[in-house]
Protein chains: 2
Amino acid sequence: MTLIDNNSPIGVFDSGIGGLTVVKHLRDLLPHEDIVYFGDTARLPYGTKSEDVVKRFAFEDSHFLLEHGVKIIVVACNTVGSTAIHLLEEHLDIPVIGVMQPGADASVNKTKNKKIGVIGTSTTIRSEKYKQRIFELDNSINVVDQACPLFVPLVEEGFFEDEATHLIAKRYLEKFIENHVDTLILGCTHYPMIKNTLQRILGEDVVMVDSGEETAKVVKRYLESNNLFSSKSIKSGLKIYVSDLSHKFQEIAERFLQNSLSHIETIDFEQFLLEKGKDFRDHINKILIKDI
Amino acid sequence: MTLIDNNSPIGVFDSGIGGLTVVKHLRDLLPHEDIVYFGDTARLPYGTKSEDVVKRFAFEDSHFLLEHGVKIIVVACNTVGSTAIHLLEEHLDIPVIGVMQPGADASVNKTKNKKIGVIGTSTTIRSEKYKQRIFELDNSINVVDQACPLFVPLVEEGFFEDEATHLIAKRYLEKFIENHVDTLILGCTHYPMIKNTLQRILGEDVVMVDSGEETAKVVKRYLESNNLFSSKSIKSGLKIYVSDLSHKFQEIAERFLQNSLSHIETIDFEQFLLEKGKDFRDHINKILIKDI
């Protein structure tokens, strides 16, 4: 196990490349922090899979980052945030920050008419975790939510300001207009890429909350209050690991990151799991069984 | 290892549920054959992943079916067909039939003006396997192809006869109209579900080739000429195994199968791989390295 200190990297994982929108905000806010990113591209998407499978993947992904000596783990995947974050917080030895709580908290601060909309993958919406967090803060708020499973593939195809995307989005967003929400949580890291289309449909007055952006602010506050800032003064490094490198990865990743990519490495995740072996698997199984 | 005889089941695997359209045709044509189906829903989709990962998955899925004593393996997944079918044919001890060759062969029989279109996932189209097979049969044929990565999520969302699907399909199919193709291969098991939309765009004169339907015919001919028909006279059984059972599975699966489902079982595929152990993995690695 690598020793952890202030100059250890921040670990970020996601089911794929969407989490790079969170990395972009982390690098803007924390330019001296090294970042290790893991995108589980061989098993994406998580958002259409069962909770049990997502929980297992979340532990495996976290342990991959732990082996890179990270000082904090940012769970950029909303689907993991909605199903497994409590387990990671309980069972990992380092702090874990998800994207849902920062997004929910910001929306409560921003709404004026107490009508908040939430969009996300099917698993995220079904979990009702955004809703629950908002009610914890203010149970007089009216929350309207909608799963938008086509947004991720549309974004990955590069259909941003597109007529078909507009048509599909209009259908998904209808109920937010009917219910006069004044704040919309973009509950999936892909969605900021079609923010303009969504804004055009809902009108300029509706405030969009980018969970990734809010999360970067929370990470900064956490490092600050725990004296965990890096002591480096040079620009930080970014290492990206993926479990599969598809031909489109580089193109889409650079679009998400709004920057060019340097270090990308494909890792054989099955081999990683095989090396972790039966004990590791039994350990996860025990956690999952206790959580039912 | 289970002993194989005439009454052993037919094995079918796919990355997800799309292959059930092939199962539907198999059951129509071969009502007395038992079928074991494996859908690798925990790792789908395959169509956006790299060839190396797809090859590995193909071996793992096949070995799962072999442990159920199947007498023949039908690879319902076009993506596997385009990358790994030659490896499975070479290294498995039982016959392997993919969906690409039957689809390509049928298209060559059906075209009159020698202009054939092919649609499929990104991996399938990039592999050019449909094109290669058509040229083997008749190199004077003009083949036009197009990847349609949004069709699978649109189908899984149930957007069949839909305005957005129509718009996206119009864009994907444009080049087939420009090039006057008279035959279109539906090179993905999901696509028959939006056949009507595609037919409306291309016009009634364009012949649609459903690779799954053609494959069922080839399987029947193979069993016949090798005296491998089941001797049962009762209606066959269908066992479906998936690596993850999402909440939508049953609904979508029944739509694909055009029938209700009885036996579905979720299997823990990571556990399966762990039990197969290092020797199995080394065995696959050797095959993959030799194939580069």
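**Exercise 1. The contact between the chains**

How many residues of chain B are in contact with chain A, and how many residues of chain A take part?

*Solution.* The model is a predicted one.

Step 1. The contact joins 23 residues of chain B to 23 residues of chain A.

Step 2. On the side of chain B that touches chain A, at least two residues each are supplied by α8 (151–156), α9 (163–178) and α13 (269–290) of chain B. The largest share, five residues, comes from α13(B).

Step 3. Sorted by class, this side of chain B has twelve nonpolar, eight charged and three polar residues.

**Exercise 2. The relation of the two copies**

State which rotation superposes chain B on chain A, and name the relation.

*Solution.* 

Step 1. Two copies of a chain are related by a rotation about an axis and a shift along it.

Step 2. Here the rotation is 180 degrees and the shift along the axis is 0.0 Å, with an RMSD of 0.0 Å. This is therefore the relation of a two-fold axis.

Step 3. The same surface serves both copies, since 100% of the contact residues of chain B recur in chain A.

**Exercise 3. The domains of chain A**

Describe how chain A is divided into domains and how these touch.

*Solution.* 

Step 1. Domain 1 of chain A consists of 10–98 + 214–290, and domain 2 consists of 101–211. The C-alpha centres of these two domains of chain A are 23 Å apart.

Step 2. In chain A, 22 residues of domain 1 are in contact with 22 residues of domain 2.

Step 3. On the side of domain 1 of chain A that touches domain 2, α1, α3 (78–83) and α11 (211–225) of chain A each supply at least two residues. The largest share, five residues, comes from α3(A).

Step 4. This side of domain 1 of chain A divides into twelve polar, six nonpolar and four charged residues.

Technical notes
Residues numbered from 1 in each chain as written. Chains lettered and ligands numbered in written order. Predicted model: local features only at pLDDT ≥ 70, side-chain atom pairs only at ≥ 80, totals over all residues. Contact = placed C-beta atoms within 7 Å. Helix = DSSP H or I, 4+ residues; strand = E, 2+ residues; numbered from the N terminus. Nonpolar A, V, L, I, M, F, W, Y, C, P; charged D, E, K, R; others polar. Least-squares fit on C-alpha atoms with pLDDT ≥ 70 in both. Domains from an automatic or database assignment.
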